[in-house]
Amino acid sequence: MSTHTIASSSYSHPSQSQKTNRKALVIGLTGGIGSGKSAASAWFAEQGIDVIDADVIAHEVVAKGSSTLRKIQKKFGDWILNSDGSMDRTAVRTHVFTYPEALIELEAITHPAIREAAKAQLAASTSPYVILSAPLLIEAAEAGLANLCQRVLVMDATEDTQLARASQRDNQSTLKIKAIMSNQLSREARNRHADDVVLNESDLAALYSQLEPLHQEYLILAQQLKFAAD
């Protein structure tokens, strides 16, 4: 049985600098693998809400010919490129997993680019509020994107549900899925950082029934933010 939990009913108004730099309420959407982030993002988009996907941005900032990719090439060498000039993601992924210090160096290049791209998309948003979706939103290794959000919505699911969904969706082995989960925060730790938690253990209809009241609440908070900024 799915439940909707408001972890914090109070709303902290942003500082003056936040008011002047943000045109809309920003809701950070996160959750572990197989928790339903994509389904939730799609539902919010259907309601006319702008959705910014950090995973998409992460791919865009290292696109062929980008300044970020050139910086990575300069740092690590030409081997990071495919013959067509695009990034050899497999080679880079293998390298940073083998040499942890290389991951730190890579993130020092990519994270500022991801953050700036996210900020630009937030500034261009025209919907009452914005969803910023990032699987590692709360973890420190996600370009500081949580600092761009005024509220955090966590999609929650049990480990068994995560494993079942991820294996069906991605056709990945249980071992690989568990490895991904081990690199993410635990359910308990993630939920402690949440303002809102949606337990997504049932079907889409049950999920949508929990998202609808949140949507209405966010519309009200967005209106409050607008009035406060005027």
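The axes are lines fitted to C-alpha atoms, for helices over the stretch in contact, and angles run from 0 to 180 degrees between N-to-C directions. Helices (H or I, at least four residues) and strands (E, at least two) are DSSP runs, numbered from the N terminus.

This is a predicted model, in which local features need pLDDT of at least 70, side-chain atom pairs count only at pLDDT 80 or more, and totals for chains, interfaces and linings use all residues. Residues are numbered from 1 along each chain as its sequence is written, and side-chain values use heavy atoms, with hydrogens and water left out.

**View 1. The whole protein.** The protein has 10 helices and six strands. Of its 230 residues, 43% are buried (under 20% relative accessible area; exposed is over 50%, partly exposed in between; 1.4 Å probe, protein chains only). Contact means heavy atoms within 4.5 Å. Among contacts with a separation of 6 or more, 76% join residues 24 or more positions apart.

**View 2. Helix α5 against helix α6.** Helix α5 covers residues 89-98 and helix α6 covers residues 100-124. They pack at an angle of about 125 degrees, with their axes 5 Å apart. The two helices are therefore oblique to each other. On the α5 side, the contact uses V92, H95, V96 and T98. On the α6 side, it uses P100, A102, L103 and L106. By class, these are six nonpolar residues, two polar and no charged. Ala, Val, Leu, Ile, Met, Phe, Trp, Tyr, Cys and Pro count as nonpolar, Asp, Glu, Lys and Arg as charged, and the others, Gly among them, as polar.

**View 3. V96 in α5.** V96 sits in helix α5. V96 is buried, with a relative accessible area of 9%. Leaving out residues up to four places away in sequence, V96 touches A102, L103 and L106. V96 and L106 are 10 residues apart in sequence, and their C-alpha atoms are 8.0 Å apart in space.

**View 4. Helix α4 against helix α6.** Helix α4 spans residues 67-76. The axes of α4 and α6 come within 10 Å and cross at roughly 160 degrees. The pair is therefore roughly antiparallel. The crossing is right-handed (the near helix is turned clockwise from the far one by less than a right angle; anticlockwise is left-handed). From α4 come T68, K71, I72, K75 and F76. From α6 come A102, E105, L106, I109, T110 and A113. The contact has six nonpolar, two polar and three charged residues.

**View 5. Helix α2 against helix α10.** Helix α2 runs over residues 37-46. Helices α2 and α10 pack at about 55 degrees, with axes 10 Å apart. That angle makes α2 oblique to α10. The crossing of α2 and α10 is right-handed. A39, A40, W43 and F44 of α2 meet L204, L207, Y208, L211, E212, H215 and Y218 of α10. Nine of the contact residues are nonpolar, one is polar and one is charged.

**View 6. Helix α10 along its length.** Helix α10 has 26 residues, 204-229. From first C-alpha to last, α10 reaches 36 Å, close to the 38 Å expected at 1.5 Å a residue (1.5 Å times one less than the number of residues). Which residues of α10 are buried? They are A206, L207, Q210, L211, L214, H215, E217, Y218, L221, A222 and L225. An α-helix has 3.6 residues a turn, so residues three or four places apart point the same way.

**View 7. I52 in strand β3.** I52 is found in strand β3, residues 50-53. Its relative accessible area is 3%, so I52 is buried. Beyond residues up to four places away in sequence, I52 touches I57, A118, Q121, L122, V130, I131, L132 and S133. I52 and L122 are 70 residues apart along the chain, yet their C-alpha atoms are separated by 7.7 Å.

**View 8. R190 in helix α9.** R190 lies in helix α9, residues 187-192. Is R190 buried or exposed? At 4% relative accessibility, R190 counts as buried. R190 touches T30, G31, G32, I138, V154, Q184 and L185, not counting residues up to four places away in sequence.

**View 9. Q162 in helix α7.** Q162 belongs to helix α7, residues 159-170. Q162 counts as buried because its relative accessibility is 6%. With residues up to four places away in sequence set aside, Q162 touches G32, I33, G34, A157, M181 and R187. The C-alpha atoms of Q162 and I177 are separated by 8.6 Å, with the two residues 15 apart along the chain.

Definitions and conventions:
Parallel < 35°, antiparallel > 145°, perpendicular 65-115°, else oblique.
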